Amino acid sequence: MTKFVVDAMLGRVALWLRLTGNDTYYSPDAEDEKLLTLAQEENRVLLTSDGDLHQRALKQELESRLLRGEVDDKVAEVFETYDIKPRVDTSTARCSKCNGSLRVLQGEEKREIKDKVYAQTYDHYDVFWLCEDCGSVYFQGGYWKNVVKYMERIDQLMNEEKRMMG
Ligand SMILES: [Zn+2]
């Protein structure tokens, strides 16, 4: 599976890569040098909107992709290029904040996160996901609809792109 390192301007792209289960390094304040080092040492594909950084990466014979345009088009382009399905599978999703692995907590197991969410939320949901690295807790709340809807939009864009190319 392709691993990514994403520049500071592409936070939304990083978010959707993580949610769809792709190992993605992203930090809003990482220096270019650090991104190049990660691409090299951890064999990550660099995704950048910075033409200079892209050129530097290519000179070092790193795999780099220059992304321009609207954010939705960028997400669709990356998914298309690296054969990523526009679907958030909660069994493989990564923490959108830190790229950590998520552990599912079901039934009684949810006690573990009781002090991390509002009482109402705790009572309402039966399944939670806990990030093993940063301790963030996820559940399929109101925003989940938007996650599904956004992935449908990306799917649509990918299909349009295919039509234009084919
Ligand atoms: Zn995390």
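A nonpolar core is a set of buried Ala, Val, Leu, Ile, Met, Phe, Trp, Tyr and Cys residues joined through side-chain atoms within 4.5 Å; buried means under 20% relative accessible area with a 1.4 Å probe and protein chains only, exposed over 50%, partly exposed in between. The model is predicted: local features need pLDDT of at least 70 and side-chain atom pairs pLDDT 80 or more, while totals for chains, interfaces and linings use all residues. Residues are numbered from 1 along each chain, and side-chain values use heavy atoms, without hydrogens or water.

**Stop 1: the main core.** Select F4, W16, L17, L47, V78, F79 and I154. These have the most contacts inside the largest nonpolar core, which has 30 residues. Now colour by DSSP runs (helices: H or I, at least four residues; strands: E, at least two). Strand 1 (4-6), helix 1 (11-19), strand 3 (45-48), helix 4 (71-81), strand 6 (127-131) and helix 6 (143-165) each give this core at least two residues. Helix 6 gives the largest share, 6 residues.

**Stop 2: F79.** Show its contacts (heavy atoms within 4.5 Å). Leaving out residues up to four places away in sequence, F79 touches W16, L17, T20, I84, K85, P86, M151, I154 and M158.

**Stop 3: the second core.** Pick A30, L35, L36 and L46. They are among the 10 residues of a separate core.

**Stop 4: the zinc ion.** Select the SG atoms of C95, C98, C131 and C134, the protein donors, 2.3 Å from the zinc ion. Donors are N, O and S atoms within 2.8 Å of the metal (3.2 Å for Na, K and Ca). Their sequence spacing is C-x2-C-x32-C-x2-C. The arrangement is tetrahedral because the 4 donor atoms subtend angles of 100 to 115°; the criterion is four donors with all angles between 85 and 135 degrees. Finish on accessibility: C95 is buried at 0%, and C98 is partly exposed at 30%.

Terms used: Four donors count as tetrahedral if all angles lie between 85 and 135 degrees; four count as square planar and six as octahedral if opposite donors are over 155 degrees apart and all others between 65 and 115; anything else is irregular.
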